[in-house]
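Here is a briefing on one protein chain. Please read it with the sequence and the model open side by side.

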Amino acid sequence: MTTFAVFVAFLAFYGGTMFDPSPFNEQVRQAVAFNHGHTYIDAPQSFLEHAQIGPYSYALHPPLPAIMLMPVTAIWGMNTNQTEFSVVIGAIDIALAWILPGRFTLSNKSRVWLTVFFGIGNILWYETVIGSTWALPMTSALIFTLLTLIELFGAARPFWLGIWAGLATLGRYDLALAAPIYAILAMARGRKFTEMFAMIPGFLAVGVVFVGLNEARFHSFFDQGVLITGPKNAPAFSLRYLPGNLYTVLFMAPTVNDTFPYIHPVFSGQALTLTSPAFVLALRPSFKRLTVSMMGLAAVLVSIPSLLCYANGFAQFGTRHYIPAFPFLLVMMAIGMPRRTDQLTKILICVSIFLVAFGVWQIHVWGLNGP
């Protein structure tokens, strides 16, 4: 009942802070295409990025949210409001984020603080209420990453770990890098090595969908979208991009000028440390503990493709490419949480909420370009 109450509360909150329907609705267009039995989409040249191959336009992002949208678009078609769908997805994310800390020895008050932080103390709030082409794959993948972690720190059944982790990968390909971490921790929790082969069917089923779509669209085993639309005279992924991406994650600050409200988000992003400083609490527990070190490693592993990518996210508030790492950081925060929520935790979470709310308010009023 409490989980449902969290879902309803955040559904109302996100609905109340939702932006107008995003015209960048690639996932709706892809869902409509799937419903009509083909993979190419109707992609207006004027505003929707896509891979153009001959006369056909193809989506650039993983297919999970489009698959989830298929029942909805079967009813409303292209009139489907992708942002409203995103709000529902975001509310499910937070309901699951309420369940996950319950796998650890936390008081209900500590769980409330962590859940509120996960819901409104980081850019998941913004990405949920904007519901754009670039946001929805992130928020959709979170559902299945959170389900994976809930299973991992619960019964740790390998079959279900494979199902949930595989589906998360279909939303964000880089989440495949976390699979060995799940297996290691499941074995540390008592599962035998031979039992871990039960994870394979979930990943295999997702692999069939992944390869099938790529063959249908690009005549390739791999997704070619980024390579087709990326830089023409440089690699899409390279170590040369690491310094710039680290700068985005750790140091990119808002601008300050004489125009009210004087501090303004930067169009190209804002450092994680300057939107959600409470994530530093993930460093509180001892890394000598296997669970902590493995969760930290998972957060790093799933971030590597983004850290090596030519694009830092471009038009964004915060650093959306690193949202897939947030559930692993949440686990680390939960493990390091004192039995009674201390003052430092409350201060950092409140500051995070203020920083994100300030950014969401400004973008609502003036847009990403500022006043």
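**Overall build**

The secondary structure of this protein amounts to 15 helices and 4 strands. The radius of gyration is 20 Å, close to the 21 Å that the globule rule gives for 371 residues, so the protein is as compact as a globular protein of that length. The model is predicted.

**Dimensions and burial**

- Along the principal axes, the C-alpha atoms fill a box of roughly 65 × 60 × 45 Å.
- Buried residues make up 54% of the 371 in the protein.
- Ser 306 is part of helix α13, which covers residues 290-307.
- Ser 306 has a relative accessibility of 4%, so it counts as buried; the cut-off for buried is under 20%.
- From Ser 306 to Phe 10 is 28 Å in space, C-alpha to C-alpha, and 296 residues in sequence.

**Nonpolar surface patch**

- A nonpolar patch lies on the surface, with about 770 Å² of accessible area together.
- The patch is formed by Ile 184, Met 187, Phe 193, Phe 197, Ile 200, Leu 204, Val 208 and Leu 290.
- Two helices, α9 (179-188) and α10 (200-218), each supply at least two of the patch residues.
- Helix α10 gives the largest share, 3 residues.
- Phe 197, one of the patch residues, sits in the loop between α9 and α10.
- The relative accessibility of Phe 197 is 48%, so this residue counts as partly exposed; exposed would need over 50%.

**Aromatic pairs**

- The count of aromatic pairs comes to 28.
- One of them joins Tyr 58 and Phe 218: the ring centres are 5.9 Å apart and the planes stand at 65 degrees, so the pair is edge-to-face.
- Tyr 58 lies in strand β2 (residues 56-58) and Phe 218 in helix α10, so this pair ties together parts that are 160 residues apart in sequence.
- Both partners, Tyr 58 and Phe 218, are buried.
- Phe 159 and Trp 160 make another edge-to-face pair, with 5.5 Å centre to centre and 85 degrees between the planes.
- Phe 159 is partly exposed, because its relative accessibility is 39%.
- Trp 160 also counts as partly exposed, because its relative accessibility is 33%.

**Aromatic cluster and a charge over a ring**

- Phe 260, Tyr 262, Phe 354, Phe 358, Trp 361 and Trp 366 belong to one aromatic cluster.
- Which ring does the charged end of Arg 111 sit over? The ring is that of Trp 98, and the charged end lies 3.9 Å from the ring centre.

**Salt bridges**

- Side chains of opposite charge can pair when their charged atoms come close.
- The whole structure holds 6 salt bridges.
- Is Glu 151 buried or exposed? Glu 151 has 7% relative accessibility, so it counts as buried.
- Glu 195 and Arg 191 form a salt bridge whose closest N and O atoms are 2.9 Å apart.
- Glu 195 is partly exposed, with a relative accessible area of 28%.
- Arg 191 is partly exposed as well, with a relative accessible area of 24%.

**A salt bridge between distant parts of the chain**

- Arg 284 and Asp 342 meet through their side chains in a salt bridge of 3.0 Å, N to O.
- These two residues are 58 residues apart, and the pair links distant parts of the chain.
- Arg 284 comes from the loop between β4 (263-264) and α13.
- Asp 342 comes from the loop between α14 (326-336) and α15 (343-366).
- Arg 284 has a relative accessible area of 33%, so it is partly exposed.
- Asp 342 has 23% relative accessibility, so it too counts as partly exposed.

Conventions
Residues numbered from 1 in each chain as written. Predicted model: local features only at pLDDT ≥ 70, side-chain atom pairs only at ≥ 80, totals over all residues. Heavy atoms only, no water. Patch = residues over 30% accessible without salt bridge, like charges linked within 9 Å, V, L, I, M, F, W, Y side chains within 5 Å. Areas by Shrake-Rupley, 256 points an atom, 1.4 Å probe, with all protein chains shown as cover. Salt bridge = Lys/Arg side-chain N within 4 Å of Asp/Glu carboxyl O. Buried < 20%, exposed > 50% of the residue type's maximum accessible area, 1.4 Å probe, protein only. Phe/Tyr/Trp six-rings, centres within 6.5 Å; stacked < 30°, edge-to-face > 60°. Lys NZ or Arg CZ within 6 Å of the ring centre and 35° of its normal. Rg over C-alpha atoms; globule rule 2.2 N^0.38 Å.
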